[in-house]
Amino acid sequence: QVQLVESGGGLVQAGGSLQLSCAASGRSLSKTDQMAWYRQAPGNQRELVASITRDGTRDYADSVKGRFTISTISRDNAKNTYLQMNSLRPEDTAVYYCNAVQWGLQYWGQGTQVTVSS
């Protein structure tokens, strides 16, 4: 079982930056296969924004490449995953969710709102 808590969302002007954080707790965090950030805007499906695998391989949605960076830090029984978002655009407005995949199971956080004003 993995618990995820996101923080760092808020309101920012276009061109600004935000850093989202995801604190993971639970058993066997070192066995987590992948951490990721998804987002969902009103009326849209949830979409993958960025992911990082246990071996450090990163992947990004085309719409955020060059602007967003995912990273993760593990210590003892904790794992923190970050999403640095630069050059934000109004179309980045969404609820952002942290996601973990462990032994084929998916875990989700409660989400954090990011609003980018034009």
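How many aromatic pairs does the count come to? The count comes to 2 aromatic pairs, where rings of Phe, Tyr and Trp (its six-membered ring) pair if their centres lie within 6.5 Å. This is a predicted model: local features need pLDDT of at least 70, side-chain atom pairs count only at pLDDT 80 or more, and totals for chains, interfaces and linings use all residues. Residues are numbered from 1 along each chain as its sequence is written, and side-chain values use heavy atoms, without hydrogens and water.

Take Tyr38 and Trp108. Their ring centres are 4.9 Å apart and their planes stand at 65°, so the pair is edge-to-face. That term applies to planes over 60 degrees apart; under 30 counts as stacked and the rest as tilted. Tyr38 lies in strand β4 (residues 34-40) and Trp108 in strand β10 (residues 105-108), so the pair ties together parts 70 residues apart in sequence. Strands here are DSSP runs (E, at least two residues), numbered from the N terminus.

Tyr38 is buried at 16% relative accessibility. Trp108 is partly exposed at 35%. Buried means under 20% relative accessible area, exposed over 50%, partly exposed in between (1.4 Å probe, protein chains only).

Trp108 also pairs edge-to-face with Tyr97, at 6.5 Å centre to centre and 85° between the planes. Tyr97 sits in strand β9 (residues 94-102), 11 residues from Trp108. Tyr97 is buried, at 14% relative accessibility. Tyr38, Tyr97 and Trp108 form one aromatic cluster.

Key
Helix = DSSP H or I, 4+ residues; strand = E, 2+ residues; numbered from the N terminus.
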